[in-house]
Amino acid sequence: MNIVVMLKQTPDTESVIRIASNGKSIVADDLKWIINPYDEFALEAALRLKEKHGGKVSIVSYGPQRVVEAIRTALAMGADDAVLIDDPVLAEGDLLGAVKAMSGVVKELNPDIICSGARAVDYDQAQRGAMMAEFLGWPHLALAVSLESDGTKVTIKRPIEGGNVTLEASLPALVTFGGSHSIWNPRYASLPGIMKAKKKPLAMKSLADLGLNLAEFGGSSAKILITALEPPPQRPAGRILNGDLELEGKASELVRALHEEARVI
Amino acid sequence: MPKCVCVITEFREGKFRRVSFEVASEGRRIADALGAHLCAIVIGSGVTEKASELGAYGVETVYVTDDPALEHYLTETYVTVTAAIIKACDPAVVILPASVNGKDLGARLAARLEVGLAQDCVEVICDKGIIKAKWPIFAGKCFAWSEWTEGTIPFISCRPNVMDCLMPDETKKPSVEVIKVPIPEARSRVQRVDLDTAGKIELTEANIIISGGRGMKDASNYAMLEELAALLGAAVGASRAAVDSGWRPHSDQVGQTGKVVNPNLYIAVGISGAIQHLAGMGSSKFIVAVNKDSDAPIFSKADYGVVADLFQFIPAFTEEVRKYKTTCS
Ligand SMILES: Cc1cc2nc3c(=O)[nH]c(=O)nc-3n(C[C@H](O)[C@H](O)[C@H](O)COP(=O)(O)OP(=O)(O)OC[C@H]3O[C@@H](n4cnc5c(N)ncnc54)[C@H](O)[C@@H]3O)c2cc1C
């Protein structure tokens, strides 16, 4: 089974985010970077598919050279090879352009299944998987919290508001992953894995290397652009309910405050 | 004369989901700002009869595709039908719900129609005829404003429970146009739909949420929160620590790798307030924290903080709520 995992590197979820002086990007120098947690779930599911059906797991990613670290981690976890599209033109464009660029690479890998995080914890746009499936003309099953495959079809469970849906598609298909650490429990890279990862193939490509027309990518082709970032609204300072009060006093004071001040009960 | 504003609605189990009225209301506001007509897309099975309900929220024309093959949401069929209707009505702006299915539909539509989608927006403005939309990024630590380039139709999905619904005006009736679109053969299928029938309130739609964290110490102690929730008509959520401990299902997890919720009141019980948890509930209108550690970071986000042992405070608070409910009803 040929499996492709689309992987993005994102700032660690603990990071302090500061707006850069241009007002529309973030200060990236001092950030710690990780594999987008949802892509890590996708990778874990992909590695389990490989363990069951054989074949190989290829990583496809885009971004600057810092992304190599995330890719090496994925290779150390058990992926076999990787392609990184590193081209500054992509950074000026939008997601549609980036996915279009990746779709060429993905097609060449001739996958049976593509696994991708349902969203990325940076710009949280939840679009990459669906867009890739559209460019390939494939079905996609979104937000999987379980996955089974017999090698010819794939079945997932997907949570919707107030319930669950079970979806099935014949392969080739694309699956995006939701869920949580408790569901996917992604493996850690082992020490031998880390050693082996250093020798696994990692191809670096520019848009020109891929034979793509640069005019179709970058700022001039973008449909949507981020024009400004702003900090979250300040919450007015809260109030600790009077520490002198007895327990019952605090309880009745909270009921009063929620009813009379906040008017939420 | 500007083109129309088009909203995509969501229908389930014989009725519109509330978020449909939210996007219709938001669509009405944008259409007024642009001086445009408001139309809506309703697709599903058995939807025609209810379609005119959207008039109450300012929709003037409803395009309906009603087919048994559209009984359940399936990306492949829904995207084809929706794209065909959008092409026919030629909108200036498209607004849809950032619900589970809406986000999926929007993303695939964006690729099919080669447009730009801003997902999970919490504010949309029309500034001298230019549409701008805002959504939270980096787990709510920052917000992004986006604009669309010349000649691109803005596609915007709106986070549920954020946009205000207009006061419905039942006297307003839209014109309803039935559109026949051939439904494509899909390579994916819906095998099963299991809806919670126990009357459980969905977290993303709840007005009040009570969440318990590691401080709850055991699955059985959630009975205490369930009891309080029943009194308040609230939903019960959890932190990742509680879900990882196996006390609550993943569907109850609030946070960066859980659900993003937006209730009027969020009560965090025995939750420290890690950044990844705040990512899921930080935009709640009022936040109450109950924690025995007065230095817990959750207190810096709370409108009301109670420093107490939850095992003593929650029963006392439940009693007070019960008293209040009986005197007020
Ligand atoms: C990539 C990533 C994604 C994550 N996603 C999420 C997510 O989606 N949601 C999420 O919640 N977390 C998430 N986390 C985990 C997060 O970092 C925290 O570990 C988690 O939120 C802690 O849960 P907690 O507050 O219940 O537990 P703790 O941090 O252990 O806090 C327990 C609190 O309970 C209080 N307490 C204990 N006993 C009592 C008592 N008797 N009375 C009153 N108070 C008491 C303590 O003082 C403490 O403040 C994520 C982490 C990572 C790395």
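**View 1. The surface of chain A in this predicted model.** Chain A exposes about 11,200 Å², and 52% of that comes from carbon and sulfur atoms (areas use the Shrake-Rupley method with a 1.4 Å probe, and for residues only the protein chains shown count as cover). Of its 265 residues, 54% are buried (under 20% relative accessible area, 1.4 Å probe, protein chains only). The C-alpha trace of chain A spans about 70 × 45 × 40 Å along its principal axes.

**View 2. The open sheet of chain B.** Seven strands line up in the order E7-E11-E6-E1-E4-E5-E12, with parallel pairing (strands are DSSP runs of E, at least two residues, numbered from the N terminus; two strands pair if DSSP finds at least two bridges between them). Strands E7 (116–121) and E12 (175–178) of chain B sit at the edges with a single partner strand each, so one side of each has no neighbour in the sheet.

**View 3. Strands E6 and E11 of chain B.** Four bridges join E6 (residues 93–97) to E11 (residues 154–158), and the two run parallel. Look for Pro97(B): its bridge partner in E11(B) is Cys158(B).

**View 4. Helix H1 on the sheet.** Helix H1 (residues 18–34) of chain B (helices are DSSP runs of H or I, at least four residues) touches E1, E4, E6 and E11 of chain B (contact means heavy atoms within 4.5 Å).

**Reading the views.** Residues count from 1 along each chain as its sequence is written, while chains are lettered from A and ligands numbered from 1 in the order written. The model is predicted, so local features need pLDDT of at least 70, side-chain atom pairs count only at pLDDT 80 or more, and totals for chains, interfaces and linings use all residues; side-chain values use heavy atoms, leaving out hydrogens and water.

Key. Axes are lines fitted to C-alpha atoms, for helices over the stretch in contact, and angles run from 0 to 180 degrees between N-to-C directions. Buried means under 20% relative accessible area, exposed over 50%, partly exposed in between (1.4 Å probe, protein chains only).
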